[in-house]
Amino acid sequence: MRVVSGIQPTGNLHLGNYLGAIRNWVRMQDEMEEGSECLFFLADLHALSQPHDPAGLRAATLEMAAALVACGIDPDRSVLFNQAQVPAHAELQWLLNGTARMGWLNRMTQWKDKAGKNREGQSVALFTYPVLQAADVLLYQATHVPVGEDQKQHLELARDIAQKFNNDFCTEDAPVFTLPEPIIPGEAARIMSLRDGTAKMSKSDPSEMSRINLVDDADTIMQKVKKAKTDPEPLPSEVAGLDGRPEAANLVGIFAALAGQEPAAVLAQFGGQGFGAFKPALGELLVETLGPIGARFRQLKEDAEALDAILARGAAKARERGVPTLNAAYRALGLVRH
Ligand code: TRP
């Protein structure tokens, strides 16, 4: 099994980021068997597809690396790196550009959503983004790619590209690329704003009280939970009773995700009780799980040197892993290199 996945570097990391992709990666790493490996990378090359600020990108890349390590990605067990230090990603993308079809890319919903009515004004990189993503995984013969539901179509495209390349340029018994399987986590808890249960928890919400940041200390976490918006009713005993109560549903969902329980189990425990009882329990659970992560994160974030060293080491390993496939792709295409 070879697991490969990427994440876009963003700053101001919060609980939603942790309970989304990051915790899932840590679990996969921890379940890896002898002879299997995870490669996790920061998709910094993908950031060029949208207007970006270079200093901000560097800071976000280091911050995301710090968060991954603080949350439990172990650079000794997993290969942790950023794309920009592994030129084979960009090289393989170019080789795959000969195989990917305009029609395929035109059907990508993320392209359609992000470009909107202004396709002519978009960067070429936004359009070819999924080809780079295909290169990211095909380079390492990924067998499994954990991604959110929104990335499933990009993974299907990677399979189509791999298949066409193998068909067009390889003999049947010696395909260059492995077709990767997406792993979509079952219903991931959608973590919503603490101020508005109908809006996603977001780094760009102007209110700090709307989110629990990874940098928050215990007091701040308790404060934010205490001030979280609720309604006057006690918690219901059944999940159906959360309908139409987005704030209550969100807090129960957060508790469930952190405790590794179903919301029904949380309500079996807290049903009938008011928020005066539930909030302190939730706050304690948050402090217990995020406390050690936050402490490590705050410390690592300031240590650019240590982070650079981790990423350099990971990139060296990734470059090694990618060489055979990149060479095979050049060879299959008849490109001469000495
Ligand atoms: N496009 C992915 C996202 O926005 C990030 C990503 C880039 C990725 N390359 C990848 C994910 C390769 C999985 C595999 O979430």
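I take a salt bridge to be a side-chain nitrogen of Lys or Arg within 4 Å of a carboxyl oxygen of Asp or Glu. By this rule I count 15 salt bridges.

The model is predicted, and local features need pLDDT of at least 70, side-chain atom pairs count only at pLDDT 80 or more, and totals for chains, interfaces and linings use all residues. Residues are numbered from 1 along each chain as its sequence is written, and side-chain values use heavy atoms, with hydrogens and water left out.

I looked up Arg77 and Asp30, whose side chains form a salt bridge at 3.3 Å, N to O. The pair joins distant parts of the chain, 47 residues apart: Arg77 sits in the loop between helix 2 and strand 3 (79–82), and Asp30 in helix 1 (residues 15–31). Helices (H or I, at least four residues) and strands (E, at least two) are DSSP runs, numbered from the N terminus.

**Entry: the ligand**

I next asked which residues come nearest to the ligand. Of the 13 around it, they are Gly6, Tyr129, Gln133, Asp136 and Gln151; a residue is near if one of its heavy atoms lies within 4 Å.

I then noted distances from side chains to nitrogen atoms of the ligand. For Asp136, an N or O atom of the side chain is 2.7 Å from a ligand nitrogen. Gln133 has a polar side-chain atom 3.0 Å from a nitrogen atom of the ligand, and for a polar side-chain atom of Gln151 the distance to a ligand nitrogen is also 3.0 Å. The protein buries 88% of the 360 Å² that the ligand exposes when taken alone (Shrake-Rupley method, 1.4 Å probe).

Strand 1 (2–7) and helix 6 (124–138) are the elements that give two or more residues to the shell. Helix 6 has the largest share, with 4 residues. By class I find 6 nonpolar, 6 polar and 1 charged in the shell. Here Ala, Val, Leu, Ile, Met, Phe, Trp, Tyr, Cys and Pro count as nonpolar, Asp, Glu, Lys and Arg as charged, and the others, Gly among them, as polar.

**Entry: pocket and cavity**

On a 1 Å grid over the protein atoms alone, a cavity is a set of points where a 1.4 Å probe fits but cannot get out, while a pocket is an open set with protein on both sides within 12 Å along at least five of seven lines; lining residues have an atom within 4 Å of a point.

The second largest pocket has a volume of about 280 Å³. Of its 16 lining residues, Gln8, Pro9, Ala47, Pro51 and His52 are closest to the centre. Helix 2 (residues 54–71) gives the most to this lining, 3 residues.

I count 1 cavity of 30 Å³ or more. The largest cavity has a volume of about 40 Å³, and its lining includes Met108, Trp111, Tyr129 and His154.

Key. Polar contact = N/O pair within 3.5 Å; in protein donor to acceptor, adjacent residues only side chain to side chain. Points joined across faces, edges and corners; volume = space filled by probe spheres on them.
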